[in-house]
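Here is a protein model to look over.

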Amino acid sequence: MDNYNQIFENNRKWVASKTASDADFFKKLAVDQDPQFLYIGCSDSRIPANAVMGLEPGEVFVHRNVGNLVCATDLNVATVINYCVRHLNVKHIVVCGHYNCGGVKAAMQPKDLGILNPWLREIRDVYRLHKEELNAIADEQQRYDRLVELNVEEQCINVIKIASVQQKFEETGYPVVHGWVFDVKTGLLKDLKLDFEKILRDIQEIYNLRDTK
Ligand code: CO
């Protein structure tokens, strides 16, 4: 698809199809949003968040970056998470990675990648934390796939370290944090079935931010 003007034609057709099935679709959409999900995924063009989850506009708040990272010093992701937790009261926060992720692949190369170095350092840190497990995998593709999964798990832990997430969960039992991997070869989502409450309890030994006093 390289026809710029085609986008606006597509957009008009999309508006027509939405209003054909519900004449008030955009009137209702304009009132407010009440998404139950925050999705944090990779910017890769092959993973359209709403489409793979089967969700309509208004049903999922989306944040994407290269490698689906949740860095403590990234004000962008911090703003998204705090807004979703404190104001939108989302029930679920999903970190979704994907196999064949270019960001993860780049991070696996031990060389200078210029401006990418500080961002990919986060993924290289994940490799270092899990070096023994990863180095024991002889097959390179399998090692790459496993790093994708471990990166999702570590980014979920980074979400759980955030004060607003811990405080809101203490008050309401939500949000629950989930780790997923999207398989670009099949289109299927895999739930890594992380034990959110166990991770929360474990990390609170060090990162307990429940109390503001
Ligand atoms: Co990617």
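**Reading the labels**

Lys18 is found in helix α1. The model is a predicted one.

Q: Why is Lys18 called buried?
A: Its relative accessible area is 15%. Buried means under 20%, so Lys18 qualifies.

Q: What makes Lys18 and Glu56 a salt bridge?
A: The closest N and O atoms of Lys18 and Glu56 are 2.6 Å apart. The cut-off is 4 Å, between a side-chain nitrogen of Lys or Arg and a carboxyl oxygen of Asp or Glu. The pair is therefore a salt bridge. It links distant parts of the chain, 38 residues apart: Lys18 sits in helix α1, and Glu56 in the loop between α3 (49-53) and β2 (60-65).

Q: Is Glu56 buried, exposed or partly exposed, and how do you know?
A: Glu56 has a relative accessible area of 34%.

Q: Which residues is Lys18 in contact with, leaving aside its neighbours within four places in sequence?
A: They are Phe25, Phe26 and Glu56. Contact here means heavy atoms within 4.5 Å.

Q: What makes Arg12 and Glu9 a salt bridge?
A: Their side chains meet at 3.3 Å, N to O. That falls within the 4 Å limit, so the label holds. Arg12 and Glu9 are three residues apart in helix α1 (residues 6-21), so about one helical turn separates them.

Q: How do you know that the span of helix α6 is close to what is expected?
A: Helix α6 covers residues 117-129, which is 13 residues. The expected span is 1.5 Å times one less than the number of residues. For α6 the expected value is 18 Å, and α6 reaches 18 Å from its first C-alpha to its last.

Q: Where in α6 is the kink centred?
A: The kink is centred on Ile123 and is about 25°. That figure is the angle between axes fitted to the seven residues ending there and the seven starting there.

Q: Which residues of α6 are buried, and what covers them?
A: The buried ones are Leu120, Ile123, Val126 and Tyr127. Their cover includes α5 (102-107), α7 (131-135) and α8 (140-160).

Q: What makes Cys42, His98 and Cys101 donors of the cobalt ion?
A: The donor atoms are SG of Cys42, NE2 of His98 and SG of Cys101, lying 2.0 to 2.3 Å from the cobalt ion. A donor is an N, O or S atom within 2.8 Å of the metal, so these atoms qualify. In sequence the donor residues are spaced C-x55-H-x2-C. Cys42 in strand β1 (residues 37-42) and His98 in strand β3 (residues 92-98) are 56 residues apart, so this pair links distant parts of the chain. Cys42 and His98 are buried.

Q: Which members of the largest nonpolar core touch the most other members?
A: They are Leu38, Ile40, Ile81, Ile93, Val159, Val165 and Val177, out of 47 residues. Helix α8 gives the largest share of this core, nine residues. A second, separate core has 10 residues, including Tyr39, Ala49, Met53 and Cys96.

Q: How many helices and strands does the protein have?
A: It has 10 helices and five strands. Buried residues make up 41% of its 213 residues.

Note on methods. Residues numbered from 1 in each chain as written. Predicted model: local features only at pLDDT ≥ 70, side-chain atom pairs only at ≥ 80, totals over all residues. Heavy atoms only, no water. Donors = N, O, S within 2.8 Å, 3.2 Å for Na, K, Ca; no water. Helix = DSSP H or I, 4+ residues; strand = E, 2+ residues; numbered from the N terminus. Buried < 20%, exposed > 50% of the residue type's maximum accessible area, 1.4 Å probe, protein only. Core = buried A, V, L, I, M, F, W, Y, C linked by side-chain atoms within 4.5 Å.
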